[in-house]
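Please open the structure in your viewer and keep the selection tool at hand. The stops below follow one another.

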Amino acid sequence: MATFELYRRSTIGMCLTETLDEMVQNGTLSPELAIQVLVQFDKSMTEALESQVKSKVSIKYTVDVTSEHDSLAKRFLISDTLTNGHLHTYRFCDNVWTFILQDARFKNEESEEAVKRVKIVACDSKLLTQ
């Protein structure tokens, strides 16, 4: 199974990395074992989110379609009502999309939340199972 290092920049991933770095510096853990822990963390996060998260969220935003790349980004982040928010920045590199939205609204079955700025990192889940 291929994995991405998407979750290492999350709060829990950063804490794990800092702790492992400290343990390597103190000599209580070898660098090789620390790398193995991070690889296992990547796999475990991917599996846990895939099997345990059932919520669906819709995002409202606007995008200016002025080029072929903008059109691709709009298709990836399609929403029924494009009235709130703005797609500030996006990039597609190594099969990973990164979006920065401003003034977006997230809605699930139970609530709706407005956020000033949010970064979304996404990849094709089919690549994770290869």
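Which residue stands opposite W97 in β4? Select W97 and look across to A122, which stands opposite W97 in strand β4. Before going on, note that this is a predicted model, in which local features need pLDDT of at least 70 and side-chain atom pairs count only at pLDDT 80 or more, while totals for chains, interfaces and linings use all residues. Residues are numbered from 1 along each chain as its sequence is written, and side-chain values use heavy atoms, with hydrogens and water left out.

Next, select β3 (residues 96-107) and β4 (residues 112-123), which run antiparallel and are joined by 11 bridges; strands are DSSP runs of E with at least two residues, and two of them pair if DSSP finds at least two bridges between them. The two strands form a hairpin with four residues between them.

Now select L87, W97, F99, L101, A104, F106 and I120, the seven residues of the largest nonpolar core, to which β3 gives the most, with five residues. Such a core is a set of buried Ala, Val, Leu, Ile, Met, Phe, Trp, Tyr and Cys residues joined through side-chain atoms within 4.5 Å, where buried means under 20% relative accessible area, exposed over 50% and partly exposed in between (1.4 Å probe, protein chains only).

Finally, select D42 and R8, whose side chains meet in a salt bridge at 2.5 Å, N to O (a side-chain nitrogen of Lys or Arg within 4 Å of a carboxyl oxygen of Asp or Glu). Both D42 and R8 are buried. In the salt bridge between K116 and D103, by contrast, K116 counts as exposed because its relative accessibility is 64%, and D103 as partly exposed at 41%.
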